[in-house]
Amino acid sequence: MALMYDGFDLTQYAFVQIERPVAPSVRVITEDVPGRDGTRYVGATLDKYAVTAHCVLRRKYIPNWATVRNTLAVAFTKREPCKLYLPDDNGQYRMATARIDASVREPLMPPVAFDIYFECQDPFSYGDLKTATIPSGGSVTINVGGMFATEISIVATSAVRNSSSLVWGVRFDEGDFLHVATGNSSSRRVEIDCGARSVKIAGATAMVTLDSLWPQLESGSHVARMDQGTGAATLKWREGWL
């Protein structure tokens with residue numbers, strides 16, 4: 001399987017061996033307490049995740065090393081984190097910055113070996129984007145995977161508020177619901193991003209109602225249904241893994 005970084009397949013140029021930890025390390029936060037031995041536990045966070053790709057250039061590319069070197073430099077010199085797919089991650093990806101080892105000696109003699117270091121400031125890996133549609137006035141069952149609660153986004157292109165409550169909204173299972181006041185009785189485009197805690201109605205920034213809750217869906221089966229008003233809604237989410 002390939003190692004892909006920002007769409008570039010490294011394995012077409014080199015044999016690759018991956019070195020990485022089983023899981024990100026836990027950074028424990030403590031503080032000193034006057035007059036007390038040791039320290040007091042405050043909390044803990046997951047540290048960044050590091051991956052090293054040990055590479056051996058395929059023999060057929062040695063005569064064209066200058067061209068290959070330039071290709072690798074362009075592929076792995078990025079100013080922002082890019083998607084990194086590792087061969088044994090079951091299609092999940094991480095967001096990583098890359099640094100390529102510049103210690104290759106010339107003139108070249110096989111084997112030509114070099115390392116590429118990936119640093120993932122976000123310690124989680126993610127699955128591909130998943131979608132489901134709540135029909136107008138109906139419901140849909142979605143299956144959420146991953147190891148952690150997933151925050152979902154909701155887009156309704158033609159949301160019409162309930163005539164009595166004056167809001168439009170959806171509900172998950174029998175608990176969390178999200179309601180927005182659409183402003184008038186005509187259909188409006190509603191965009192809700194639960195991760196960013198943001199709402200837009202017809203492109204303008206808006207807010208959910210005070211009694212709304214931002215849902216976080218645990219791994220398993222969930223029922224999403226239209227709770228107020230009409231208009232189909234598209235759900236989008238990504239599942240997170242260590």
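This is a predicted model: local features need pLDDT of at least 70, side-chain atom pairs count only at pLDDT 80 or more; totals for chains, interfaces and linings use all residues.
Close-up 1. Leaving aside residues up to four places away in sequence, F8 touches L3, Y13, T71, L72, A75 and F76. L84 lies 76 residues from F8 in sequence, yet the C-alpha atoms of F8 and L84 are 9.4 Å apart in space.

**Close-up 2. The largest nonpolar core and the contacts of L72.** This core has 28 residues, and those with the most contacts inside it are Y5, L10, L57, L72, F76, I116 and F118. At least two residues of this core are supplied by each of β6 (49–57), α1 (65–76), β7 (82–85), β8 (93–100) and β9 (113–120). For L72, again not counting residues up to four places away in sequence, the residues touched are F8, L10, W65, I100 and F114. Another core, of 26 residues, lies apart from the largest one, and F172, V190, I192 and M226 are among its members.

**Close-up 3. Strand β6 and its pairing with β3 and β9.** With strand β3 (residues 14–19), β6 pairs in the antiparallel sense over six bridges, and within this part of the structure E19 has T52 of β6 as its bridge partner. The strands β6 and β9 also run antiparallel, and they are joined by eight bridges; F114 in β9 stands opposite C55. In a regular strand the side chains alternate between the two faces of the sheet.

**Close-up 4. The largest pocket and the residues that line it.** The space in this pocket amounts to about 340 Å³. Its lining is made up of 19 residues, of which T150, E151, I152, W237 and R238 are the closest to the pocket centre. Four strands, β13 (150–151), β14 (153–159), β17 (188–193) and β22 (233–237), each contribute at least two residues to the lining, and the largest share, three residues, comes from β14. Sorted by class, the lining comprises 10 nonpolar, four polar and five charged residues. Rolling a probe the size of a water molecule over the atoms shows where empty space is left.

Technical notes: Residues are numbered from 1 along each chain as its sequence is written. Side-chain values use heavy atoms; hydrogens and water are left out. On a 1 Å grid over the protein atoms alone, a cavity is a set of points where a 1.4 Å probe fits but cannot get out, and a pocket is an open set with protein on both sides within 12 Å along at least five of seven lines; lining residues have an atom within 4 Å of a point. Grid points are joined across faces, edges and corners, and a volume is the space filled by probe spheres set on the points. Ala, Val, Leu, Ile, Met, Phe, Trp, Tyr, Cys and Pro count as nonpolar, Asp, Glu, Lys and Arg as charged, and the others, Gly among them, as polar. A nonpolar core is a set of buried Ala, Val, Leu, Ile, Met, Phe, Trp, Tyr and Cys residues joined through side-chain atoms within 4.5 Å. Buried means under 20% relative accessible area, exposed over 50%, partly exposed in between (1.4 Å probe, protein chains only). Contact means heavy atoms within 4.5 Å. Two strands pair if DSSP finds at least two bridges between them.
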